Amino acid sequence: MHAFDFTAPARTDEALRLAGPGSAFLAGGTTLVDLLKLDVLTPRHVIDINDLPLRGIRGGHDGLRIGALERMTDVAQHRAVPPVVSRALLQSASPQLRNMATIGGNLLQRTRCGYFRDVTTPCNRREPGSGCPAQTGQNRAHAILGTSSGCVATHPSDLAVALVALDASIRLASRAGRRTVRLADFYRPPGTTPHIENDLKPGELIAEVVIPRLGWARRSTYVKVRDRRSYEFALASAAVALDLRGGRVRDARVAVGGVATVPWRLPGVEAALRGGPATEQAFAAAAEAAAEGARPLADNAFKVTLVRRTVVRALMEVSRS
Ligand code: FAD
């Protein structure tokens, strides 16, 4: 492991003063410490943020506000948290990891692409311009949506998929002040710059997640399909919320994970559901658009069908609840 300075400030302004290019914040450490050990990340300065006042789950004028340092377990168990968010969290990682890991860290975890995590292989995300062996190598778990010739790695966070479906925002803090960004606008598809994964500036901190008030999101769920039932990332997942009246869909939110380079909202599927009957046939017709624009690789064409079926399964589950 690379040598680095370590600080654990107790005040946010102090942490922001110390942060900048070459520094990394440490929250639960369940991603960061792994990547330090693998030499994938080599910050000069690690800033432990666990003593900062970034906790609490409370209702605000703009929705439910969740401090970035809240642990995944505590967020999942909170009664004000919509089911789609709780279920996404409870199907993530393992109980031990969820007790340690924070929601801020979860949203900033890095891809699990094996080439990204292995410093002996090229990877455009880790080392710009070095290449992307996954295009022709082992790519069964990789993305079919939002890919480029530079990168086909999936976004790993289940929570982010649920939050994008609910149109959540994050509140960011830096020495320059505070700003709020819709999570859907925060993540960047790889394009020609796979190493720029999101809109976070050097030294900027996620302070809070804000989930807008959406009464009908009580009728929501998260379905995750993976190679084993726990401790595994998604091959395909669907976050769904439905506003149902008299057997018809008044409104819908749908986003998918495990198949795209960023959490992937499906406005075409939502539009196709709106005004239609809440039946399996109508759900299957709407879900046809779930893989629109997909570019499968040699080993992951199965995800085209899988993502459509996962969306239908989630819609059926919610319509029966
Ligand atoms: P850290 O490791 O402390 O930080 C992660 C990154 O975020 C670092 O770059 C750090 O600098 C940055 N950071 C942290 N907090 C902030 C902040 N507030 N502001 C700015 N930057 C910050 N996740 C899933 O979604 N689904 C899964 O199925 C899943 N399975 C897993 C299985 C294993 C074996 C492991 C090890 C992890 C798995 N994860 C999964 C990932 C896990 O959820 C993340 O590691 C965890 O949520 C990261 O949170 P943390 O607090 O530990 O972050």
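Predicted model: local features only at pLDDT ≥ 70, side-chain atom pairs only at ≥ 80, totals over all residues.

Trainee: In what order do the four strands of the open sheet run?
Mentor: The order is 9-10-11-12, and the pairing is antiparallel. Strand 9 (220-225) and strand 12 (264-265) stand at the edges with a single partner strand each, so one side of each has no neighbour in the sheet.

Trainee: And how many bridges join strand 10 and strand 11?
Mentor: Strand 10, which covers residues 236-245, pairs with strand 11, residues 248-257, over nine bridges in the antiparallel sense. Within that pairing, D243 is placed opposite D251 of strand 11.

Trainee: Which strands does helix 8 touch?
Mentor: Helix 8 (residues 158-165) packs on the sheet and touches strand 9, strand 10, strand 11 and strand 12, with its direction at about 150° to that of strand 11. Helix 12 (residues 302-319) also packs on the sheet, where it touches strand 9, strand 10 and strand 11, and its direction makes about 35° with that of strand 10.

Trainee: Switching topic, how do the axes of helix 4 and helix 8 cross?
Mentor: The axes of helix 4 (residues 83-90) and helix 8 come within 8 Å and cross at roughly 170°, which means that helix 4 is roughly antiparallel to helix 8.

Trainee: Which residues meet there?
Mentor: From helix 4, V84, V85, A88 and L89 meet D158, L159, A162 and L163 of helix 8. Sorted by class, the contact of helix 4 with helix 8 has seven nonpolar residues, one charged residue and no polar ones.

Key: Residues numbered from 1 in each chain as written. Heavy atoms only, no water. Pairing = 2+ DSSP bridges. Helix = DSSP H or I, 4+ residues; strand = E, 2+ residues; numbered from the N terminus. Contact = heavy atoms within 4.5 Å. Axes fitted to C-alpha atoms, helices over the stretch in contact; angles between N-to-C directions. Parallel < 35°, antiparallel > 145°, perpendicular 65-115°, else oblique. Nonpolar A, V, L, I, M, F, W, Y, C, P; charged D, E, K, R; others polar.
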